[in-house]
Amino acid sequence: MRRFDIAVVGGGAAGLSLTHRLAAANRSGGPRLSVALVDAPPGPLRPPERTWCYWERGAGRWDALLAASWDRLRVLGADGAEHGSSAAPFRYKMLRSADFEEHVRAATADGVVGYGARVEEIADGDDRAAVRGVDAGGEAVEIGARWVFDSRPRPLPPARTALLQHFRGWFLRTPRDAFDPAGAVLMDLRTPQPPGGVSFGYILPLSARTALVEYTEFTREALDEAAYEAALHDYTGRLLGLADFEVTAAEQGAIPMTDARISTRAGRRVFRIGAAGGATRPSTGYTFAGIQRQTAAVAAALARGRTPVPPVPHRRRHLAMDAVLLRALDSGRVDGSAFFTRLFARNALPDVLEFLDGPSSLRRELALGATTPVLPMSATAAECAVGALLAAPAGR
């Protein structure tokens, strides 16, 4: 068994982000920590290349790697009305996972030992945890670490409401100018709507003739590939008016949107990070920005010699508000397309972005709430409150 201070399991956004921060801390002259990064070997266990998007104020840690970014955003309402503006002080940013992985692995090469292995067990212990797996050649791999951070996907705990943000996207190339590279479309709500939840188009223009165009739903069940393809053909043809284009690549995924209570602690020496550790914002499915806050907190705790319990990177009141929205969508109390149309029509775009992933004030959040359908949202809030009380353990 090789021994390390830290073992990071999983080489996705969360595992790589934490590894990068720990390697940077080693280079800065602080307490040096030995780090093992354990990721699945090349093959079917590795996820396909994907796109991560987020927004932040000004310059950021990953700006040199961005595939594109935009300071203007648009929402097309269910009625066809367009609501667009500058996102300032925020900027919407797009990363490709392959670029991110290549950069992080190169930047951490000197301070991190990498292992390609399928992890089969993480055994907790009083002083050290053990990570056990099998490499591509069938040989056993065993690593001991003071702290283990597991970023692998896992089944989420039970929830009152569990939806998915599921989508399929095409990278398109057109023979003539068809896109506005100055601005992205966050939601195009003119798409046919499912019986419960909401659907929308999503456009990230990379140039006047290239873009990532996605069809997305917030519903209980994902679609099969044929259904996504049909929805994308309808969206690009009927709504965008694109008759002649080439699909150069495609991506597809499903992100849990749930009111489940997620714990980041899996044992005395074992923790969960990333989506498995509650980094996903339930009302949006966005995860990357939450990962950055969560891994920064872990790195800071390690630098101070504290127990590095990863925080869930969203405020409790935001999670409570998200639970109400998810329940309102799932129950059909609110029409999803009308809800989001109204939200973006009646509020400044930066205020909505700040609430969805930032340090918004309670006063501003209440003002945003007043622009939503008050009666159905209030009824749903009461239902969620009663449900939480009934689910709470009895006092002693």
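This is a predicted model: local features need pLDDT of at least 70, side-chain atom pairs count only at pLDDT 80 or more; totals for chains, interfaces and linings use all residues.
Three bridges join strand β10 to strand β16, residues 270-272, and the two run parallel.

Which way do β9 and β10 run relative to each other, parallel or antiparallel? They run antiparallel, with six bridges between them. Within that pairing, G133 has V141 of β10 as its bridge partner. The two strands form a hairpin, with four residues between them. If you look in the turn, you will find G138, whose phi is positive, about 90 degrees.

How many of the 11 residues of β10 are buried? Eight are, so the strand, which covers residues 140-150, is largely enclosed by the rest of the structure. Buried here means under 20% relative accessible area.

Next, the nonpolar cores. The largest has 41 residues, and the members that touch the most others are Y92, L204 and F340. Take L204. Setting aside neighbours within four places in sequence, L204 contacts C53, W70, Y92, M94, A184, A211 and L212. Apart from this core lies another, of 30 residues, including L16, L37, L95 and A279.

Now to the second largest pocket. Its space comes to about 230 Å³. Sixteen residues line this pocket, and those nearest its centre are W55, E56, A289, Q292 and R293. Which elements give two or more residues to the lining? They are β3, residues 51-57, and α4, residues 288-303. By class, the lining of this pocket has seven nonpolar, three polar and six charged residues.

You will find G116 in strand β8, residues 112-123. Is G116 buried, partly exposed or exposed? Its relative accessible area is 37%, so G116 counts as partly exposed. Leaving out neighbours within four places in sequence, the contacts of G116 are D39, P41, D135 and A136. For a sense of distance, take R238, which is 122 residues from G116 along the chain; their C-alpha atoms are separated by 46 Å.

That is the end of my part.

Key
Residues are numbered from 1 along each chain as its sequence is written. Side-chain values use heavy atoms; hydrogens and water are left out. Buried means under 20% relative accessible area, exposed over 50%, partly exposed in between (1.4 Å probe, protein chains only). Two strands pair if DSSP finds at least two bridges between them. A nonpolar core is a set of buried Ala, Val, Leu, Ile, Met, Phe, Trp, Tyr and Cys residues joined through side-chain atoms within 4.5 Å. Contact means heavy atoms within 4.5 Å. On a 1 Å grid over the protein atoms alone, a cavity is a set of points where a 1.4 Å probe fits but cannot get out, and a pocket is an open set with protein on both sides within 12 Å along at least five of seven lines; lining residues have an atom within 4 Å of a point. Grid points are joined across faces, edges and corners, and a volume is the space filled by probe spheres set on the points. Ala, Val, Leu, Ile, Met, Phe, Trp, Tyr, Cys and Pro count as nonpolar, Asp, Glu, Lys and Arg as charged, and the others, Gly among them, as polar.
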